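Student: I would like to learn how to read the domains, the sheet and a helix pair in a model. Can we take them in turn?

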Amino acid sequence: MKRSTLELLCCPGCHSTLSLQTGHGDGPIGEGRLLCSGCERSYPIRNGIPHFMDPKDLEGPNRRFARGYDWFSRLYPLFTKIGFLGFGGERKARKEVLDRLELGGGRVLEVSIGTGANLPYLFETGCVGEVYGLDISAGQLARCGSLITKRGWPVDLFLGTAEALPFKTETFDSVLHIGGINFFSGKKQAIDEMIRVARPGAKIVIADESEQIARNLYRLSRLFRPRHREEMDLAIPVHLVPETMENIRVGGIWKAHGEDHGYCLEFRKPVSPSAA
Ligand SMILES: C[S@@+](CC[C@H](N)C(=O)[O-])C[C@H]1O[C@@H](n2cnc3c(N)ncnc32)[C@H](O)[C@@H]1O
């Protein structure tokens with residue numbers, strides 16, 4: 001993790017400032033510990049990745065998905081490549097979402113970055129400054145880390161949950177999420193958090209599979225099967241976006257045989273602080 005990234009971080013629990021306990025020096029931070037000045041929780045940094053949650057503390061779908069994706073991370077890049085074949089291939093399918101971001105060389109946050117499958121398309125635009133990626137699965141982040149090292153991209157990674165982001169308010173110029181929110185433990189908290197960390201005027205883009213596809217996944221795997229009533233809600237989460245957001249738009253994506261297999265929800269955080 002870049003040393004300058006410390007400036008962007010806060011405690012995901014209480015939003016107080018964090019101080020680095022070990023690993024002083026000038027270069028990137030490989031190992032260390034971040035201590036919260038408010039609740040005094042401490043978060044380890046391992047292999048350059050701050051760990052803002054302990055998998056043992058996760059509950060509900062988040063617990064299942066963290067474990068599931070740890071196991072699945074080796075196959076995930078091939079799985080998405082094959083999965084997107086029906087929609088014109090991975091490049092077309094991913095660009096259908098990424099082209100809605102307004103990239104102007106600033107900081108981009110990808111919530112649930114997975115193995116980093118969107119990174120090649122983000123960097124090829126030439127309009128991305130730094131990328132910050134968070135995911136609940138250490139396995140997915142390890143794969144993503146290898147890709148970043150190989151390509152030399154300016155990306156920092158964080159282990160944490162979308163429902164409690166470890167970033168200061170109004171930090172990012174663009175916020176992106178693809179492919180996880182349908183099954184998050186707390187969809188509303190995740191959307192509120194994406195809004196909190198976005199700068200006024202920033203575009204927030206959220207995409208996932210359609211309700212029908214999500215229901216098919218229930219049938220396909222125990223991992224996706226709902227255990228509680230609230231997990232049954234697979235409607236496009238546009239009703240969870242505060243009315244104060246601007247240009248709220250939702251549309252179908254990933255079309256095949258005349259049917260949309262995904263949705264993209266996009267909106268802008270208002271510039272006026274009173275409106276946000
Ligand atoms: C289908 S993958 C999408 C990965 C990547 N965004 C992409 O487009 O390929 C879903 C990702 O969401 C992550 N995830 C699931 N629940 C999460 C949560 N509550 N907070 C953060 N990430 C989560 C998983 O670990 C997984 O990497």
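**Domains, sheet and helix packing**

Tutor: The centres of domain 1 and domain 2, taken over C-alpha atoms, are separated by 24 Å. Keep in mind that this is a predicted model. The domain assignment places residues 1-51 in domain 1 and 58-268 in domain 2.

Student: How many residues of domain 1 are in contact with domain 2?

Tutor: On the domain 1 side there are 12, and they meet 13 residues of domain 2.

Student: In what order do the strands of the open sheet lie?

Tutor: Strands in a sheet pair through backbone hydrogen bonds, in either a parallel or an antiparallel way. Here four strands lie in the order β1-β2-β3-β4, with antiparallel pairing. β1 (18-20) and β4 (49-50) are the edge strands, each pairing on one side only.

Student: How many bridges join β3 to β4?

Tutor: Two bridges link β3 (residues 42-46) with β4, and the strands run antiparallel. Arginine 46 is the residue opposite isoleucine 49 of β4.

Student: At what angle do the axes of helices α1 and α5 cross?

Tutor: The axes of α1 (residues 60-72) and α5 (residues 138-151) cross at roughly 40° and come within 6 Å. α1 is therefore oblique to α5, since angles under 35 degrees would count as roughly parallel. Tyr69, Asp70 and Trp71 of α1 make the contact with Ala138, Gly139 and Gln140 of α5.

Student: Which classes of residue make up the contact of α1 with α5?

Tutor: Three residues are nonpolar, two polar and one charged.

Definitions and conventions. Residues are numbered from 1 along each chain as its sequence is written. This is a predicted model: local features need pLDDT of at least 70, side-chain atom pairs count only at pLDDT 80 or more; totals for chains, interfaces and linings use all residues. Axes are lines fitted to C-alpha atoms, for helices over the stretch in contact, and angles run from 0 to 180 degrees between N-to-C directions. Angles under 35 degrees count as roughly parallel, over 145 as roughly antiparallel, 65 to 115 as roughly perpendicular and the rest as oblique. Two residues are in contact if their C-beta atoms, placed from the backbone, lie within 7 Å. Ala, Val, Leu, Ile, Met, Phe, Trp, Tyr, Cys and Pro count as nonpolar, Asp, Glu, Lys and Arg as charged, and the others, Gly among them, as polar. Domain bounds come from an automatic or database domain assignment. Two strands pair if DSSP finds at least two bridges between them.
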